[in-house]
Amino acid sequence: ALEEFKEVRLVPSSNNKMKSEGIEGCERFLSIGKGRGIKATTHFKVGDLVFACPAYSYVLTVNERGCHCEFCFTRKDALSKCGKCKQAYYCNVECQKGDWPMHKLECSAMCSYGENWCPSETVRLVARIILKQKFQTEKTQSERLLSLKEFEAHLDKTDNEKNEMNLADTAALRHFYSQHLDIPNNDALVQLFAQVNCNGFTIEDEELSHLGSAVFPDVALMNHSCSPNVIVTYKNTVAEVRAVREISPGEELFNSYIDLLYPTEDRNERLRDSYFFTCDCEECTTKSKDKAKMEIRQNLCTVPEPEEIQEMVRYAKNIIEEFRRAKHYKNILPCSFILVRVLLVLDSTSPPTELLEICELSLEKMGSIFEETNVYMLHMMYQAMGVCLYMQDWEEAIKYGEKLVKPYSVHYPPYSLNVASMYLKLGRLYLGLQKKPQGVKTLKKAIAIMNVAFGQDHHYITEIKKEMEEQE
């Protein structure tokens, strides 16, 4: 265990000051019909790093404690824990010291509350933002184009459910942090929670497992498109924005805010619910992929009526929402280095066999109308694959993965992390089952995408190549 730190008093420092310098190759501008945005001032090729943005504030998810360093998010086995709370883990004393100004908010409280310490990840993140704002008086390297205080909150557009969630979060923050933090008045606190909910990011690893939450102000300035020209990936606690299309000077940078697997109507429903706008990009205007995404079985005796199709879509959406509402992330036994840590469950007390049966029955019902490449079928196959991984039924997990990866390559844009992560999961499964040629071939497909999305020098790619070399 690392040493127990004494209370440290932070004071505003001139070292925190930063010149207003902008980002080379990019500039902030007013995007017609979209508000503020970022446009390129130089040419970017596919795979080029457009810009990097360190997190203004971030927090490691509690499920990854002991697996990742609380400060730098490095993934390693030999981490040392905080000598006081014994819940936060670090690479070394340097990382512990670096994290102490933020960890001290939780350290004593975790000891006092014990098992009753249960603020949400968003509450933990907002608490850290409040502390940083008190002592960080100048703009940071995360705010070269947009300051956190400029974040949109959209409080005038939130419904009663979101307002109640915001109020619950503010109450939780006061409950868990009132003795350790100078908390703003209620209006300012509600505003900050709304800003973080609209502009926050989830940090994910190479298999899209959730690692934590963060705010990256400059990254948040980019507008959304369902046909993006950049992609955001993470190197520890730094967000990296890379080009996935050729970008010319004067062209706006577009990121995707949501999962792009689903048809236009579903995507815009999600955008309106979470971000309060409707997308008018070329893909949403032409709906060019919707027919393939909603493929109906061709060998049916009678063609289903539009009402039957809509009824099945409603069923699919309902079952998906049930899974989403009670989503849990659980650790799965590693295959090679790390396999996958995703299990979506309806009820944490439900046996995995029952969850798999729910998936199979849903697939059977939807399969009476939908083709296997239909995105609703793919969604349920993904859930089934997650359950199989949790049950350590590797062969069955591979069967589902093999059905998923080709349609994913069609439905998602080029250099999609969803496609790369599926190749990665499959490749690691093959290697774990001693199917070396298939494993290496599949991992190479993952690397081909990751070279563009993460950059060829990313440690994730180095780790995968090492896994492949160990099989030779």
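What percentage of the 472 residues of the protein count as buried?

1. Of the 472 residues, 52% count as buried, a term for under 20% relative accessible area with a 1.4 Å probe, taking protein chains only. The model is predicted, with local features needing pLDDT of at least 70, side-chain atom pairs counting only at pLDDT 80 or more, and totals for chains, interfaces and linings using all residues. Residues are numbered from 1 along each chain as its sequence is written, and side-chain values use heavy atoms, leaving out hydrogens and water.

2. The protein has 15 helices and 14 strands; these are DSSP runs numbered from the N terminus, helices being H or I with at least four residues and strands E with at least two. Among contacts (heavy atoms within 4.5 Å) between residues at least 6 apart in sequence, 68% join residues at least 24 apart.

3. The axes of helix 11 (residues 375–390) and helix 12 (residues 394–411) come within 9 Å and cross at roughly 150°. The axes are lines fitted to C-alpha atoms over the stretch in contact, with angles from 0 to 180 degrees between N-to-C directions. Helix 11 is therefore roughly antiparallel to helix 12, the term for angles over 145 degrees.

4. Residues of helix 11 including Leu378, Tyr382 and Met385 meet residues of helix 12, among them Ala397, Tyr400 and Leu404. By class, this contact of helix 11 with helix 12 has 14 nonpolar, two polar and two charged residues.

5. An unreviewed UniProt entry lists residues 69–107 as "domain: MYND-type". Over residues 69–107 the chain is 38% helix and 10% strand, with the end C-alpha atoms 15 Å apart.

Terms used. Parallel < 35°, antiparallel > 145°, perpendicular 65-115°, else oblique. Nonpolar A, V, L, I, M, F, W, Y, C, P; charged D, E, K, R; others polar. UniProt positions renumbered as here; feature names shortened; annotations may be inferred. Buried < 20%, exposed > 50% of the residue type's maximum accessible area, 1.4 Å probe, protein only.
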